Amino acid sequence: MTGSKWASRYLQLLLGLLVWAWAMGLMLQLPAYGSSMTAWQLGQQCVVDLEAGHHQEAVVNCDGAIALDPKNFIYHLNRGLALYRQGDYSMALKAIDRAVTLQTQNYQGYYNRGLVQVALHDFSAAIADFDQALALASYSEKLPQVLANIYDDRGLARLMSHQEATAIDDFNRALALDQNDIRALFNRGCACHQMGHGTAALQDLNQVLSLDPHHIRAYLKRGLLRRSLGDERGALADLHQAADCARVQGQPYLYHHILTLMNAWQQPVVALG
C-alpha cells in the first residue's frame with residue numbers, strides 16, 4: 001500500500017473515531033428518561049398508560065408527577081385508579097384517600113373510592129361514598145351518564161349487601177337517565193330474581209339480550225331463572241347459548257363452569273331404596 005493510501009486510510013479511521021467520540025459524548029450528556037419531564041407531562045403520560053391498560057407504568061408516572069407536585073388531586077386519583085385496575089385494592093384505597101383529603105368537593109374521588117370499597121366488600125363504606133358522589137355530581141356536573149354510573153354502582157353495592165329493594169330503586173333511577181343501561185337492567189333482573197319476582201326478572205333479562213345478544217351472564221341468569229320456573233328446555237337452551245358465547249369470547253373458566261352446570265342438569269335422577 002502506497003504512502004498516500006495509508007494517509008487516506010488513517011484519515012478515515014481518525015474521522016470515524018471522532019464521530020464515535022462525539023456521539024458518545026452526546027449520549028453521556030442525555031438525561032435519564034423522565035428526569036427532564038414536568039409533573040404535567042408525567043401526569044399526561046399516566047392518562048395515556050391508563051387508557052392503554054399499562055397500569056404499572058401509570059403508577060410509575062404518577063409517582064413521578066406526585067414527587068414534583070405532591071398536592072395535585074388528579075395525580076393521586078389516577079394513581080389510585082391504576083392500582084385498583086391491577087387489583088391492589090388496599091394501596092388503591094390509600095391513594096384515593098389522599099386524593100379526597102386534597103379535594104373534598106370533587107365527586108370523582110368519592111366515586112372511585114366507592115368502587116374500591118365494593119372490591120374490598122366494605123359495602124356500607126361504598127354506599128356512603130356513592131351518596132357523597134351523587135350529592136356533589138348532582139350539584140356540579142348534572143351529566144346524565146355520570147349520575148347513571150353512580151346509581152348503577154350504588155345499586156350494585158346495595159344488591160351485594162342484600163338490600164334488594166333499595167338496589168332496585170337505584171337501578172330505576174339509572175334507567176330513568178338511560179333506558180338502555182344494560183348494567184342497570186341486568187342487575188335489576190338479578191335483584192328481582194332474589195326477591196322472588198320471576199316475571200319481572202325475566203322481562204329485564206330479555207331486554208338485556210335484545211340489546212346485547214352476546215351477554216354471557218344474562219343467558220346464564222335467565223337459564224337459572226327458567227329452570228326455577230319449570231322451563232327445563234328453555235333453561236338448557238340458554239345455557240347452550242351462554243357456553244357458546246363464553247367459548248367465542250375466550251372465557252375458559254366461565255365456559256367450563258357452564259358445561260359443568262349443564263352436565264349436572266342432564267344427569268338422570270336415580271331413586272335409592
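Is Cys192 buried or exposed, and what is its relative accessible area? I opened the notebook with this residue. Cys192 is buried, at a relative accessible area of 7%. I note at the outset that the model is a predicted one.

**Entry 1: cysteines**

I looked next for the cysteine sulfur closest to that of Cys192. It belongs to Cys190, and the two sulfurs are 9.4 Å apart, too far for a bond. A disulfide would require the pair to lie within 2.5 Å. I then checked the structure as a whole and recorded zero disulfides. I also looked up Cys46, which is buried with a relative accessible area of 0%.

**Entry 2: the chain overall**

I turned to the secondary structure. The protein chain has 14 helices and zero strands. Followed along the sequence, its pattern reads α-α-α-α-α-α-α-α-α-α-α-α-α-α. I recorded the burial as well: 39% of the 273 residues count as buried. For the contacts, I considered those between residues at least 6 apart in sequence; of these, 47% join residues at least 24 apart.

**Entry 3: helices H6 and H8**

How do the axes of H6 and H8 cross, and within what distance do they come? Helix H6 covers residues 107–119 and helix H8 covers residues 144–160; their axes come within 11 Å and cross at roughly 30°. Angles under 35 degrees count as roughly parallel, and H6 and H8 are therefore roughly parallel to each other. I noted the handedness too: H6 passes H8 in a left-handed crossing.

I then listed the residues that make the contact. H6 contributes Tyr107, Tyr111, Leu115 and Val118. From H8 come Val146, Asn149, Ile150, Asp153, Ala157 and Met160. Sorted by class, the contact of H6 with H8 has eight nonpolar residues, one polar and one charged.

**Entry 4: Thr199**

Where does Thr199 lie? I found Thr199 in helix H11, which comprises residues 198–211. Thr199 is exposed, with a relative accessible area of 60%; the threshold for that class is over 50%. I also looked up its separation from Arg226. Thr199 and Arg226 are 27 residues apart in sequence, and their C-alpha atoms are 10.0 Å apart in space.

Technical notes: Residues are numbered from 1 along each chain as its sequence is written. This is a predicted model: local features need pLDDT of at least 70, side-chain atom pairs count only at pLDDT 80 or more; totals for chains, interfaces and linings use all residues. Side-chain values use heavy atoms; hydrogens and water are left out. Axes are lines fitted to C-alpha atoms, for helices over the stretch in contact, and angles run from 0 to 180 degrees between N-to-C directions. Helices (H or I, at least four residues) and strands (E, at least two) are DSSP runs, numbered from the N terminus. Angles under 35 degrees count as roughly parallel, over 145 as roughly antiparallel, 65 to 115 as roughly perpendicular and the rest as oblique. A crossing is left-handed if the near helix is turned anticlockwise from the far one by less than a right angle, and right-handed if clockwise. Contact means heavy atoms within 4.5 Å. Ala, Val, Leu, Ile, Met, Phe, Trp, Tyr, Cys and Pro count as nonpolar, Asp, Glu, Lys and Arg as charged, and the others, Gly among them, as polar. Buried means under 20% relative accessible area, exposed over 50%, partly exposed in between (1.4 Å probe, protein chains only).
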